[in-house]
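Q: Please take a close look at a single part of this chain. Then set that part in its surroundings.

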Amino acid sequence: MDVRSTKNYVFWLFCQFELITCSYLMEPWEKVLFYSFNLGMVAMVLYTTYACVAAHAGPALQLLWHCLGSQQDNAMSAVK
């Protein structure tokens with residue numbers, strides 16, 4: 001894939017975004033406010049997702065390994 005086709009694809013995606021949100025009808029100052037708000041919301045969602053997933057993934061994996069380890073131990077004791 002060359003740079004020109006990538007550039008055209010990104011431009012096409014941006015045009016689709018403008019059509020879906022009807023932002024092509026806005027004045028330039030309205031677009032700046034609209035895009036700033038949307039980028040701010042996306043940034044907050046990504047940061048919150050990163051912070052919450054990092055905080056909850058460790059305990060969840062520990063619980064999962066504990067449950068799997070307990071089942072394995074119980075199966076081994078039943079075989080003996």
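A: Trp12 is partly exposed, at a relative accessible area of 45%. Partly exposed lies between buried (under 20% relative accessible area) and exposed (over 50%), with a 1.4 Å probe and protein chains only. The model is predicted: local features need pLDDT of at least 70, side-chain atom pairs count only at pLDDT 80 or more, and totals for chains, interfaces and linings use all residues. Residues are numbered from 1 along each chain as its sequence is written, and side-chain values use heavy atoms, with hydrogens and water left out.

Trp12 sits in helix H1, residues 3-21. Helices are DSSP runs (H or I, at least four residues), numbered from the N terminus. With Tyr9, Val10 and Leu13, Trp12 forms a nonpolar surface patch. Together they have about 420 Å² of accessible area, by the Shrake-Rupley method with a 1.4 Å probe and only the protein chains shown as cover. Patch residues have over 30% relative accessible area and no salt bridge; nonpolar side chains are joined within 5 Å, like charges within 9 Å. A salt bridge puts a side-chain nitrogen of Lys or Arg within 4 Å of a carboxyl oxygen of Asp or Glu.

Next, the loop. Ser23 lies between H1 and helix H2 (28-79). Ser23 counts as buried, at 0% relative accessibility. Leaving out residues up to four places away in sequence, Ser23 touches Glu18, Lys31, Phe34 and Tyr35; contact means heavy atoms within 4.5 Å.

Finally, the whole chain. The secondary structure is two helices and zero strands. Of the 80 residues, 4% count as buried.
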